[in-house]
2 protein chains.
Amino acid sequence: MNIINVGLIGAGTVGQGVAQLVRKNSNIIFEKTGVRINLQKVCDLDQRRQQVLNVDKNIFTKNANDILNDPAIHIIVELIGGTSQAREYILEAIKKGKHVVTANKALLSQKGDEIFQAAYKRNIFIGFEASVAGGVPIIKVIRESLIANKIKNIFGIVNGTTNFILTKMEENALEFSDALKLAQHLGFAEANPVFDIKGIDAAHKLQILASFAFNTPVEFKKIYYEGIDRIDLADIVYISDLGYRLKLLAIAKFDKASRTYECHVNPTLIHRSSPLAAIKNEYNAILIDGDATGSQIFYGKGAGALPTASAILADIVEISKKIINNESKFYDRFYSHQSHIKMKDYRDTKSRYYLRFGTIDKPGVLAKVSGILGKNNISLCSVLQKETGQKVVPIVMLTHESKEADIQDAIKAIQKLDVVKEKPKVLRIEDTI
Amino acid sequence: MNIINVGLIGAGTVGQGVAQLVRKNSNIIFEKTGVRINLQKVCDLDQRRQQVLNVDKNIFTKNANDILNDPAIHIIVELIGGTSQAREYILEAIKKGKHVVTANKALLSQKGDEIFQAAYKRNIFIGFEASVAGGVPIIKVIRESLIANKIKNIFGIVNGTTNFILTKMEENALEFSDALKLAQHLGFAEANPVFDIKGIDAAHKLQILASFAFNTPVEFKKIYYEGIDRIDLADIVYISDLGYRLKLLAIAKFDKASRTYECHVNPTLIHRSSPLAAIKNEYNAILIDGDATGSQIFYGKGAGALPTASAILADIVEISKKIINNESKFYDRFYSHQSHIKMKDYRDTKSRYYLRFGTIDKPGVLAKVSGILGKNNISLCSVLQKETGQKVVPIVMLTHESKEADIQDAIKAIQKLDVVKEKPKVLRIEDTI
């Protein structure tokens, strides 16, 4: 028999998408692969979701153990989120010999190594395509399609909420707080948007991408991240005037010479001619630069019930084919633990920078600011100072490539000048393609 | 032992890329997968290529049988191109129980069904990721990542040569013949460019994409294709004025209601705001619209030695893992032969259209032309007629959605008008996203 029984733990938006997609497209999956997906049991603490899901009463339970202990279930789909209960369920499923599919980036970015090692030991498949960029198959691309590449750079727009907010700030000339409200109103931001707007969600996804791209378990707590909640509309306007666009980028780079890599999330200026600059609203896009392929971009919806369910079902089908073909090996190597490459200290990374200072309008100010920059090895490639008629005037500067440590030191010194009246703005610039 | 022996037949550009990439990155493949790729033998009729390849004399041969008959070889890589000899080698390899990797879209689009059926019967893996869009992993995306989707539309810029020519026509204001010469000079077009500029290469790739997307063997000879060799710079300029850009698109659409699909290659107007319009020069991009994922775009270099070799090695590694894990099933279902869906007659397809007429400048001409269009159920959404001071004046029109048959009938009638002095230009418009 080719029936594969799936147990779903968590019936929120994505869980409902999975149930819906199984109902809608299990026939086409059967036609294409010979695999018949059966939703055997669904668990959620909220009894009302049985009706929302439109599933039989008999398959709905409020107790996850009913799924974990069901010997007929081959695959557990964990969709409750969070890092505590979800971790326990997944480890328990592995112990019970059940394969696991999850969309839980928070968990994987922090406890992935523990989970992958447990799975490896028990010959268990962990599917996590849905954890990064929703329906865009970026995990499979990195782990399989680009296997013959040394990956040099990753630039990812991997958080739909912040991309939506930045798009609306520019297009509708909104301040951050108003764009956030709009995003919440339209369902693109959660009531508590902290994980998204602070860059934490993007950092979770970056941890996963970089670990597989560089074949080493990246430590989440070492990843520097910065959100978009301090971006002013004024910055968006200057950036646009300069021919750039601001995107929250998850950035990973490999430095061949020193065998180190860098991983950080920054609101980043990219040139308007870059294909990444054209990625608008809630869409995600990930640029991966391999030494054989050159730059490739993968674009699509990074969230939502059905796109995410599509990735979950792709993982389910992959495991199912292995079960049906009586394959003996289910796990795949996740990444190497023997690797000697290290993460570069964020202060040692280099970039071009956008700087904005609010200074009083008085002779010699520009000389003082640029003097400190020069002393810290920072050279400028453009300066923008407009007449405003206000007391505090903005000076916007773009630098040549500089070291983060030098920028931080210079900014600290410039902030102490009595002519500087606002906290300086520092943003990175990336020449993606 | 985890050594997998590969025999390479054909050591042209791509074959050289494969040899180079094995040398460069086989260590990283080993680290990530435990698979050691060994280039066991290389065959080419041109003895000089042994030195170009920088491989040992002992592994170079001019006789493909040395590879086909070598019992140590697990995988054959066919890179000689063409549809005759290549077909024989592949069928012979299958008979001998060797797995096959090929980049040969011409062969697969015309003899794929024969090859896939032979492979299926002998439990042989056929890898052909490199046959469409070079290093962009579009085959795996369709066959695996989007398995839970009904695919609704495909819009592909899958021919780098024509995309390069169209980009240069627009950016450098060149006529087709000059842009072609430039492409040839820079190595983006072959000395004999017919396959590319006539749309044949794009049709080959479309046949492969559509067969797997729609799960049915599409008949290549039924695919309508049109190239870019009749495009004038004047068209490029009008199209740009109208807010569009011209791209050679491989188009496949599924019509749920009638269970029919359409497949055709056309120089196509797409709106400048579409992400596909931003794909320039030799780059490829494929938009796939699944019912669960919505529109996704996959972008990268569609040709070249190393990008193509990257796709070939990904296939080799996939087969190698199966060999090493002692898996019993190598083939995957290719597509269904039980499918009852049919290709729609090209004349029954619908589109919006760009029409350009060269008429004499005289009262009533516009009325005559638009009268015939109206009689054929074609309604206009914009008309552009500029003063030129010349005897023959251009009238450019964009239509609402119309039936191809109606357009063909109307054009035939309009061409007979004595006020029409040039062969009318007809181009399709697609609202991709």
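In strand β2(B), R36(B) is the bridge partner of I3(B). The structure is a predicted model, in which local features need pLDDT of at least 70 and side-chain atom pairs count only at pLDDT 80 or more, while totals for chains, interfaces and linings use all residues. Residues are numbered from 1 along each chain as its sequence is written, and chains are lettered from A and ligands numbered from 1 in the order in which they are written. Chain A has a mean pLDDT of 95, with 100% of its residues at 70 or more (pLDDT is the predictor's confidence in each residue, from 0 to 100). For the complex, the predictor gives an ipTM of 0.96 and a pTM of 0.96.

Strands β1 (residues 3-9) and β2 (residues 36-43) of chain B pair in the parallel sense over seven bridges. Strands are DSSP runs of E of at least two residues, and helices are runs of H or I of at least four, numbered from the N terminus; two strands pair if DSSP finds at least two bridges between them. In chain B, six strands form an open sheet with parallel pairing, in the order β3-β2-β1-β4-β5-β6. Its edge strands are β3 (60-61) and β6 (126-127) of chain B, each of which pairs on one side only.

Helix α1 (residues 13-33) of chain B lies across β1, β2 and β4 (75-78) of chain B and runs at about 165 degrees to β2(B). Axes are lines fitted to C-alpha atoms, for helices over the stretch in contact, and angles between N-to-C directions run from 0 to 180 degrees.

Elsewhere in chain B, the axes of helices α13 (residues 365-375) and α14 (residues 404-415) come within 9 Å and cross at roughly 150 degrees. The two helices are therefore roughly antiparallel, a term applied to angles over 145 degrees. V369(B), I372(B) and L373(B) of α13(B) meet A410(B), A413(B) and I414(B) of α14(B); residues are in contact if their C-beta atoms, placed from the backbone, lie within 7 Å. This contact has six nonpolar, no polar and no charged residues.

Between the chains, 49 residues of chain A are in contact with 49 residues of chain B. The chain A side divides into 21 nonpolar, 18 polar and 10 charged residues (Ala, Val, Leu, Ile, Met, Phe, Trp, Tyr, Cys and Pro count as nonpolar, Asp, Glu, Lys and Arg as charged, and the others, Gly among them, as polar). Strands β12(A) and β12(B) (residues 294-301) pair in the antiparallel sense over three bridges, and Y299(B) is the bridge partner of I297(A).

Conventions. Parallel < 35°, antiparallel > 145°, perpendicular 65-115°, else oblique. Contact = placed C-beta atoms within 7 Å.
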